[in-house]
Amino acid sequence: MKILVTGGLGFIGSHTVVELQNEGFEVVIIDNLSNSTVEVIDGITAISNIKPHFEKLDLKVKEDVKSFFNKHKDITGVIHFAASKAVGESVNEPLMYYENNITTLVYMLQELSGLNKQNFIFSSSCTVYGQADELPITENAPVKPAESPYGNTKQIGEEIIRDTCKVNDKLNSIALRYFNPIGAHPSAEIGELPIGVPQNLVPFITQTAIGMREQLSVFGGDYPTPDGTCVRDYIHVVDLAKAHVVALQRLLEGRNISNCEVFNLGTGTGSSVLQAIQSFEKVSGEKLN
Ligand SMILES: NC(=O)c1ccc[n+]([C@@H]2O[C@H](COP(=O)([O-])OP(=O)(O)OC[C@H]3O[C@@H](n4cnc5c(N)ncnc54)[C@H](O)[C@@H]3O)[C@@H](O)[C@H]2O)c1
């Protein structure tokens, strides 16, 4: 079965491509390389021995999206990772975020409606829960007003999918709300390789370890947590990638209960920034500045 992975050369996308290939799926990747490099294909191929089909394409260009789907009418599922994801940047560049995260989703859903098989997995985020009132956070926790344009694009994205599912019962979708993906494939052939200044903790840790960054700053030591630093629920990227394959199989095998489902992807256990740093130091034997 042919599966389209948008943003498939990015951090989570590349790990998911490998897991899809492991399960025997044929993968087609779309990416515009705005936050990844083409070399990631070599990493994927080194792990799976299968070179995925890649099309460099900007999903903001409607005509290009249309002609892609005209060429690939036999796609049986789409995993839509492509988006801009930096919370801080989204505050400064809201329209860029709304254009890249919302327009591309609309184009994807429009083209999907022309296919025989309309199975769609969407990258959402735990950011939709804001500061939740109860822990652990379940899918029933209320969605709070978004704290950034980025978070808003995920909420609006889910609403767009929900509204579309209401009028198109051939569309089957699952929105996966990720907590904090970290780590890399154990082969180290692929990992988290953002372009420019990272937006996540682990690339800051690893880039400091190899001397790309002079020092690692920890912001805030007086949060109401055991060691005062921020606590997050981190999930390994390979576990996250495998969850995408499980979600896709659920749709392909018709095991979904409604045509618009939502699942959290986390571990339910929090770790602090200092714990993450200390774990890295213990495992790597490198002391961070
Ligand atoms: N990493 C996280 O902490 C996290 C948490 C929650 C949700 N998410 C969501 O998961 C998805 C993947 O995140 P990631 O960490 O792998 O990000 P990433 O930046 O590593 O990957 C996204 C990929 O999409 C590509 N892309 C962006 N805009 C595009 C466009 N218009 N056309 C074609 N390709 C485009 C980028 O070049 C990149 O390769 C995103 O939707 C993100 O919002 C990520």
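**Cavity, pocket and one aspartate**

Analyst: This is a predicted model. His80, Phe81, Ala82, Ala83, Asn101, Leu105, Phe122, Ser123, Thr153 and Lys154 line the largest cavity.

User: Which elements each supply at least two residues of that lining?

Analyst: The lining includes Asn101 and Leu105, Phe122 and Ser123, and Thr153 and Lys154. Those pairs fall within the ranges 94–112, 118–125 and 149–167. The elements are helix H5, strand E5 and helix H6.

User: How much space lies in the largest cavity?

Analyst: The structure holds one cavity of 30 Å³ or more. Its lining divides into five nonpolar, four polar and one charged residue. The space in this largest cavity is about 60 Å³.

User: Which element gives the largest share of the lining of the second largest pocket?

Analyst: This pocket has about 520 Å³ of space and is lined by 22 residues. Helix H7 (201–209), strand E9 (234–236) and helix H9 (273–284) each give two or more of them. Val202 and Thr206 are among the residues nearest the centre. With four residues, the largest share comes from H7.

User: Is aspartate 133 buried or exposed?

Analyst: Aspartate 133 sits in the loop between E5 and H6. Exposed means over 50% relative accessible area. Aspartate 133 has 67% relative accessibility, so this residue counts as exposed.

User: With which side chain does the side chain of aspartate 133 make a polar contact?

Analyst: Arginine 177 is 17 Å away, C-alpha to C-alpha, and 44 residues apart in sequence. The polar contact, at 3.4 Å, is with the side chain of lysine 144.

Methods: Residues numbered from 1 in each chain as written. Predicted model: local features only at pLDDT ≥ 70, side-chain atom pairs only at ≥ 80, totals over all residues. Heavy atoms only, no water. 1 Å grid on protein atoms, 1.4 Å probe; cavity = no way out; pocket = protein on both sides within 12 Å on 5 of 7 lines; lining within 4 Å. Points joined across faces, edges and corners; volume = space filled by probe spheres on them. Nonpolar A, V, L, I, M, F, W, Y, C, P; charged D, E, K, R; others polar. Buried < 20%, exposed > 50% of the residue type's maximum accessible area, 1.4 Å probe, protein only. Polar contact = N/O pair within 3.5 Å; in protein donor to acceptor, adjacent residues only side chain to side chain.
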